[in-house]
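Okay, thanks everyone for coming. Have a look while I talk.

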Amino acid sequence: MDAVKLLLPEIIVSLCGLIILTERIFTKADLQRKDAAWFGVGGLLLAGIFAAKLFGVNQTAFYGSYRVDDLAVFFKLVAIVAAGMTLLFAPDFLVRKGVKSGDFASVVLFAAAGMMLLPSALDFITLYIALELISVSFYVLLALQRGEVRPAEAGLKYLLLSGLASAVLLYGMSLIYGLTGSTYLTAIRQAFSAGEWPVLSGVGCLLILAGLGFKIYVVPFHMWAPDVYEGGPSPAVAFLATGSSAASLAAVLRLFGETFAGLSGVWLPLLVILALITVAIGNILALPQTNIKRLLAYSSIAHAGYILLAVVARSGLGTAAVMYYSLLYAVSTVTAFAVISAFADFTAGGETSAFAGLNRRAPFLTFVMVIALASLAGVPPLAGFMAKFAVFAAAVQAGYVVIAAVALLLSVISIYYYFQVIKVMYVDEPAETTPITYGWGTQAALILGLAGVILLGLFPGPLLRLAQVAAGFTRF
């Protein structure tokens with residue numbers, strides 16, 4: 001297949017972003033206009049169709065720096081789903097905050113292009129360009145509410161800490177390049193499998209793990225998440241929490257499943273410990289949170305730990321669980337943030353107490369929030385239950401029975417803090433009874449999210465089989 005056809009989904013998404021950006025430069029866009037976001041959703045749908053057609057293709061292009069296989073295609077679709085759902089509900093939020101949705105939509109599309117490129121990256125340069133495209137886009141998205149202190153603070157914090165993580169990642173890549181003489185993942189894997197390597201190879205590998213650990217909230221690289229979640233605009237945070245971490249997980253699978261497989265004696269024990277600590281810290285620190293976005297930040301940290309349990313399983317089942325979990329977590333989390341976004345004007349900065357009695361003001365919104373939180377808690381038969389089941393099954397099959405059991409016990413804690421929010425919405429008395437209204441873009445995102453969480457939980461078979469086939473393209 002022609003190399004351009006392999007890259008067509010990324011090209012479509014990037015072109016849509018450029019068209020929206022150009023239109024924004026040469027016209028005076030009305031604040032109330034939402035057509036740019038809908039144009040972006042259309043572009044993502046088209047890209048999704050072309051991406052889906054690439055299932056079954058296993059081809060390398062651009063001098064071995066880019067590969068399309070089922071693993072890459074699966075994560076491209078996760079990025080498209082996360083970006084599409086975000087663009088559906090974002091305009092309603094942005095209009096209320098005085099931000100033109102065209103600006104937001106163009107940057108979301110650029111970030112989505114980076115997220116689609118990252119799973120296909122087969123050399124350090126492509127990988128780093130994709131990561132930076134994602135990071136730079138989020139610097140802008142988080143600080144897009146000009147004149148407001150909290151979003152600016154969130155954007156600055158993400159800029160500084162993400163820059164530090166990028167430096168660590170680059171240093172690790174430099175060490176590996178110095179030792180192997182190549183930036184290509186295939187050549188590096190062959191070099192590591194040829195014989196023993198000095199201690200510096202392990203150091204380089206761990207530095208790369210630290211740089212990527214920042215992107216997926218692994219403890220102790222997680223400290224930025226609660227502040228950025230709390231201060232950032234809800235649509236930007238929803239996309240950051242789902243698309244960015246899923247794309248980074250794809251890079252982790254490529255690097256640690258294939259390239260650094262020969263160094264597993266260095267990184268595997270550490271990753272097992274980090275997975276368990278991440279689950280524990282995320283769940284325990286979520287308990288005292290009184291702000292819904294900080295609670296979801298610590299919840300995201302815990303979910304990163306669950307996903308790492310599947311990574312350390314180092315099997316086809318584990319890889320399939322990572323992919324399956326990434327998609328279902330994305331759907332549940334974006335749905336929860338769509339609700340928070342709709343509540344934004346009525347909930348005093350996202351304090352949980354401000355959600356009191358919301359069932360009486362917006363019954364459908366409250367119901368969707370209940371389903372999304374129950375899915376994140378792993379309540380059967382919702383999508384989150386099947387995702388956690390797949391992760392724990394992979395860990396047990398790999399022999400991590402005790403660790404899986406401890407993680408399962410820690411996950412019980414999450415039921416308390418998720419259901420504490422549900423209790424506040426249904427039982428506590430509201431401070432006022434004014435009905436909450438929201439646009440039909442938000443309604444579309446809520447309905448899609450609700451359908452995804454319920455249907456993927458009730459009928460997990462097709463998606464799980466697709467993930468298992470795609471997992472066959474890793475070398476675990």
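So, α9 passes α11 in a left-handed crossing; left-handed here says the near helix is turned anticlockwise from the far one by less than a right angle, and right-handed would be clockwise. By class, that contact of α9 with α11 has 8 nonpolar, 2 polar and 1 charged residues. For the classes, Ala, Val, Leu, Ile, Met, Phe, Trp, Tyr, Cys and Pro count as nonpolar, Asp, Glu, Lys and Arg as charged, and the others, Gly among them, as polar.

Before I go on, the housekeeping. This is a predicted model, where local features need pLDDT of at least 70 and side-chain atom pairs count only at pLDDT 80 or more, while totals for chains, interfaces and linings use all residues. Residues are numbered from 1 along each chain as its sequence is written, and side-chain values use heavy atoms, with hydrogens and water left out.

Back to the pair. Helix α9 covers residues 199-215 and helix α11 residues 234-259, and they pack at about 160° with axes 9 Å apart. Helices (H or I, at least four residues) and strands (E, at least two) are DSSP runs, numbered from the N terminus. The axes are lines fitted to C-alpha atoms, for helices over the stretch in contact, with angles from 0 to 180 degrees between N-to-C directions.

Which residues of α9 meet α11? They are C205, I208, L209, L212 and K215, and on the α11 side you have S245, S248, A251, V252, L255 and F256. Contact means heavy atoms within 4.5 Å.

Next, T180, in helix α7, residues 149-180. Buried or exposed? T180 is buried, because its relative accessible area is 19%, and buried means under 20%, exposed over 50%, partly exposed in between (1.4 Å probe, protein chains only). Its side chain reaches the backbone oxygen of I176 at 2.8 Å, and also the backbone oxygen of S182 at 3.3 Å. Not counting residues up to four places away in sequence, T180 touches I188, A191, F192 and W197.

L87 sits in helix α4, residues 70-97, and is buried too, at 2% relative accessible area. Leaving aside neighbours within four places in sequence, L87 is in contact with A37, G40, V41, L44, F104, A105, V108 and L109.

Most residues other than glycine have a negative phi, and most peptide bonds are trans. V219 and P220 are joined by a cis peptide bond, omega about 10°, and P220 is in the loop between α9 and α10 (224-231). The bond from P380 to P381 is cis as well, with omega near 5°; P381 is in the loop between α16 (363-377) and α17 (383-397).

And where is F62? In the loop between β1 (59-61) and β2 (66-68). F62 has a positive phi, near 50°, and counts as partly exposed at 36% relative accessibility. R314 also has a positive phi, about 50°, although it is not a glycine. You'll find R314 in the loop between α13 (292-312) and α14 (316-343), partly exposed with a relative accessible area of 31%.

That's my list, thanks.

Technical notes:
A polar contact is a pair of N or O atoms within 3.5 Å; within protein, one must be able to donate a hydrogen and the other to accept it, and residues adjacent in sequence count only if both atoms are side-chain atoms.
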